[in-house]
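Have the structure open while you read.

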Amino acid sequence: MRGGGGTYMNFSEDTIIDVKGLVKNYGSFKAVKGVHFQVHNGEIFGLLGPNGAGKTTTLEMLVGLRKPDEGTAIIGTHDILRELTKVKEIIGVQLQSTSLFDLLTVEEILQMYASFYPSHIPISPLIDDMLLTEKRKSRIKGLSGGQKQRLAIALALVHDPHVVFLDEPTTGLDPQARRTLWDIVLQLKNKGKTIVLTTHYMDEAHILCDRIAIMDQGELIALDTPTQLVKSLQSDSALEFRVLQEEEFIDFSSIEGVKKVGKQSDVHLLYSDQLQKTLTSLIHFATEKNLQLVDIQTRTATLEDVFIHMTGRSLREA
Amino acid sequence: MKAYWQLTLAQLRIFLRNRQVLMWTLIFPILLMSMLGLFLGKGNGISLTIGVIDHDHTSFSNEFVNAISNNEAIHLVLQKDEKKAQTSLKNGDFQLVVTIPKGYESSLKNSGSKPLPFTIPVYYNDTNFAVSQVGLALVNGVIDEVSKQRVSYAPVVEMESHGIKALHLKYIDFLVPGIVAMMIMSNNMNGVAGQIAAWRERGILRRMQGTTLKASTFIAAQITARLLMNGLQALIVLLVAHLLFGVEIRGSWFTLISFIILGTLAFMAIGFIIAGIAKTPESAAPIAGVLSFPMLFLGGVFFPIRNMPEFLQPIVKLLPISHLSTALREIMNVGAAWSSLGLEAAILGGWVVAAFVIASYTFKWE
């Protein structure tokens, strides 16, 4: 496949997407409450958040599928409200659970989508790149989940767009298929594409994204590189455990080195930047109070912890 | 332009690969045609089975029997046993039973100048009154003829009857254009409504909206593909009707195809409106049903419009299906040309324009 250069060299300046206060309401429900952010040229930008945080709505406003109630965005040099057709020429879109004409073959549907644009790239190498070579003559009906998702990405790339939007590209895929897809996304970045993706998987965001915007309840609550986000916790370790026969509330915040405490159902969470001290102190504390600790685990703090830290809820229960 | 061809091609591929739909949309009208044409058609024609019992066995009685059997509409069965004949009459195998009593010939020969009429008993089944009446009239005609011959009757006044459209139309000739009209209606109206609503529900249209494709290109391709497919289906049904049932196509193929196209466009446009209104594919089918069902009965598909109650006629006369079935019928049965079908063409054309204007406002990608 060709590089992302050529005709799009004029996008070499740093910012390629400038989101200016997008708002979307569904009746009285405020889905997106005025978000601002910039996406840099050539990066993988992640919108992370639980279901219903407004990630998909934000993305769909950017690609012209929903009309914002307020605000706008500039993609490349085009305003998404006034020059949508121009915008559509330089963006590629993969929607959540794309459904296509089941009775067409992989090759046929790619040719059809290619015809919707003023120009397109050769179909054959694109099929090879998306690891669909053996399936080129197969009907879409018979593809696996991962193959369908790769086809959806191929459709997003058929006109050689500069920016690619991927909405939850790996949701519902098995671990093997997810890894395959990650490789494809990273390859796209190597080819010079800018990628905006939404996900509610921590590990995915951490591995793929150069920068992450964390969204919750329609608002953007943090934006930074994954490393910086975790650093902002000011505690690099997390300690998890359960207490057998816990009857009343126990306050663990007095334990040495603990920066923050949390609790998810019956699992206690302590954040600390001095893991050894905290662990020793916890054991003492438990012995004194006659508590029986089980399932003790220590780990490096993750983006999940950043989210819990900021919202008090985990990504899954939010 | 490339997008238009690709979308048309895609739609044609989908049609051809959806074998079941393709098969059943063809089988249904042909089946309907066979059932209505062969079974119902019998009752509607004037074919009578008459049992004749000849007790006289003379050359005169033979002549009488021949006179009856010479009538094309009558199928004559000679019977010996009167009881058997009566049973057959009750069972409906015979519509009439005619008995020629002994002494028929001698009575006629000895009639002299002032003859006493000889009585020939004719039995009919009064549960099948209408057919019996026709049969009685026919037999009466034969008897009348015989009587007139015997008395050397010379008529003073004669009737000369002229059929206005002396085309010997059978019910099937009336039926086939109606069925083709029905097929055009259901394939296009229900087909478009169901498919577009389903594509919207599944997000197929939404994904296309994410590209630079224009709605007008998409709709144009839909229309082209459907015109080709549904036009072809209509022609296949016509061909089957022509070859298997001997239905004549008296008008020009050009006129016939023009009206098939006009009808297809009108119902497709209505289908697009329904697809726009329907929120889910599940609601598209009943909406299309509500519109198509009354049209089937009121639109002159199965019964002539003039048989309908007075108060319904003005409504019926605005329905697109009425004009499509009338036009097809005129072309096929009578051989009407374009010039005599101006009203039908104008009303169908009006539907096409109006419906497409409304459809363009109600069309939604999602």
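**Notes on the model**

1. Starting with the overall make-up: chain A has ten helices and 14 strands. Bear in mind that this is a predicted model. Along the principal axes, the C-alpha atoms of chain A take up a box of roughly 75 × 45 × 40 Å.

2. Chain A splits into two domains: domain 1 covers 6-229 and domain 2 covers 234-300. Going by C-alpha atoms, the centres of domain 1 of chain A and domain 2 of chain A are 40 Å apart.

3. If you take the contacts in chain A with a separation of 6 or more, 69% are between residues 24 or more positions apart.

4. Have a look at helix α1 of chain A, residues 55-62. Is this helix mostly covered or exposed? Mostly covered: eight of its eight residues are buried. By name, the buried residues of α1(A) are A:K55, A:T56, A:T57, A:T58, A:L59, A:E60, A:M61 and A:L62. After α1(A) comes A:G64, with a positive phi near 90°.

5. Next, a helix pair in chain A. Helix α5 (residues 145-157) packs on helix α6 (residues 175-190) at an angle of about 15°, and their axes are 10 Å apart. Angles under 35 degrees count as roughly parallel, so α5(A) is roughly parallel to α6(A). As for handedness, α5(A) and α6(A) cross in a right-handed sense.

6. Which residues make that contact? From α5(A) there are A:G145, A:G146, A:Q149, A:R150 and A:I153, while α6(A) puts in A:A177, A:T180, A:L181 and A:I184.

7. Finally, the contact between the chains. How many residues does each chain give to it? Chain A gives 20 residues and chain B gives 19 residues. On the side of chain B that touches chain A, the elements giving two or more residues are α1 (2-17) and α8 (204-209) of chain B. The most comes from α1(B), with eight residues. That side of chain B, where it touches chain A, divides into six nonpolar, seven polar and six charged residues.

Conventions
Residues are numbered from 1 along each chain as its sequence is written. Chains are lettered from A and ligands numbered from 1 in the order in which they are written. This is a predicted model: local features need pLDDT of at least 70, side-chain atom pairs count only at pLDDT 80 or more; totals for chains, interfaces and linings use all residues. Domain bounds come from an automatic or database domain assignment. Axes are lines fitted to C-alpha atoms, for helices over the stretch in contact, and angles run from 0 to 180 degrees between N-to-C directions. Helices (H or I, at least four residues) and strands (E, at least two) are DSSP runs, numbered from the N terminus. Angles under 35 degrees count as roughly parallel, over 145 as roughly antiparallel, 65 to 115 as roughly perpendicular and the rest as oblique. A crossing is left-handed if the near helix is turned anticlockwise from the far one by less than a right angle, and right-handed if clockwise. Two residues are in contact if their C-beta atoms, placed from the backbone, lie within 7 Å. Ala, Val, Leu, Ile, Met, Phe, Trp, Tyr, Cys and Pro count as nonpolar, Asp, Glu, Lys and Arg as charged, and the others, Gly among them, as polar. A residue is buried if 20 or more other C-beta atoms lie within 10 Å of its own, exposed if 12 or fewer, and partly exposed in between; C-beta atoms are placed from the backbone.
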